[in-house]
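Welcome! Please take a moment to look over the chain and its fold before reading on.

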Amino acid sequence: VFSALLKSKSTNNERLSSCSVIIQARDKEPLDPSFVQFPQSIRLEKGGKAKFNCKISGSTPMTAQWNFNGKPLDHESNQFILTNDETEFSLEIPVVLAADQGQYSVIISNDKGQVTAAYSLHVDQSSIFNQSNK
């Protein structure tokens, strides 16, 4: 997964863009597990709600390990809501803070293997700053 924050010099507008690529040799069996839907990088304002979803095909049971900037998220934290439903997994951040900006990943595992998807969260604080100075 590749993500980029694109900024126009002429208009000063920013846009978050991402893409996902799966490369598999023709003579190999399909990956198990495999992503059907990747979590997508998003951009939102501080205080908003972020939700990252993924759908997986493959042998069950499966587990999900969510990471932030290379470190596992605390599953006991009240800051995140983690949902696991056999082949659909999600990470929700109900109230996004500036500190939540960064690189995220999810590792999905079963008894046959594991797959990883990476994505990012960009927190836009400029409009909040401008509103507070009015």
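Predicted model: local features only at pLDDT ≥ 70, side-chain atom pairs only at ≥ 80, totals over all residues.

Residues are numbered from 1 along each chain as its sequence is written, and side-chain values use heavy atoms, with hydrogens and water left out.

**The overall fold**

- The chain contains one helix and eleven strands; helices (H or I, at least four residues) and strands (E, at least two) are DSSP runs, numbered from the N terminus.
- Along the sequence, the elements follow the pattern β-β-β-β-β-β-β-β-β-β-β-α.
- The chain has 134 residues, and 31% of them count as buried; buried means under 20% relative accessible area, exposed means over 50%, and partly exposed lies in between (1.4 Å probe, protein chains only).
- Taking the contacts between residues at least 6 apart in sequence, 57% join residues at least 24 apart; a contact means heavy atoms within 4.5 Å.

**The open sheet 3-5-9-8**

- Four strands make up an open sheet in the order 3-5-9-8, with antiparallel pairing; two strands pair if DSSP finds at least two bridges between them.
- Strand 3 and strand 8 are the edge strands, each pairing on one side only.
- From one strand to the next, the twist averages 25 degrees; axes are lines fitted to C-alpha atoms (for helices over the stretch in contact), and angles run from 0 to 180 degrees between N-to-C directions.
- Within this sheet, strand 8 (residues 81-85) pairs with strand 9 (residues 88-93) in the antiparallel sense over five bridges.
- Opposite Ile-81 stands Glu-92 in strand 9, and opposite Asp-85 stands Glu-88 in strand 9.
- The hairpin of strand 8 and strand 9 has two residues between the strands, and Glu-86 there takes a positive phi near 55 degrees.

- Is Ser-90 buried or exposed? Ser-90 counts as buried, at 5% relative accessibility.
- Leaving out residues up to four places away in sequence, Ser-90 touches Lys-51, Phe-52, Asn-53, Trp-66, Ile-81, Leu-82 and Thr-83.

**Strand 10 and its partners**

- Seven of the nine residues of strand 10 are buried, so the strand is largely enclosed by the rest of the structure.
- Strand 6 (residues 63-68) runs antiparallel to strand 10, and six bridges join them; Gln-65 has Ile-107 in strand 10 as its bridge partner.
- Strand 10 also pairs with strand 11 in the antiparallel sense, over nine bridges, and Ser-109 has Gln-114 in strand 11 as its bridge partner.
- Two residues lie between strand 10 and strand 11, which form a hairpin.

**Salt bridges**

- How many salt bridges does the structure hold? There are three salt bridges, each a side-chain nitrogen of Lys or Arg within 4 Å of a carboxyl oxygen of Asp or Glu.
- Lys-112 pairs with Asp-32, their closest N and O atoms being 3.7 Å apart. Lys-112 is in the loop between strand 10 (102-110) and strand 11 (113-124) and Asp-32 in the loop between strand 2 (14-19) and strand 3 (34-37), 80 residues apart. Lys-112 is exposed, with a relative accessible area of 59%.
- Asp-124 and Arg-43 meet through their side chains at 3.2 Å, N to O. Asp-124 is in strand 11 and Arg-43 in strand 4 (residues 42-45), 81 residues apart. Asp-124 is buried at 17%, whereas Arg-43 is partly exposed at 27%.
- Lys-49 pairs with Glu-92, with 3.9 Å between the closest N and O atoms. Lys-49 lies in the loop between strand 4 and strand 5 (50-57) and Glu-92 in strand 9, so this pair ties together parts that are 43 residues apart in sequence. Lys-49 is exposed at 53%, whereas Glu-92 is buried at 13%.
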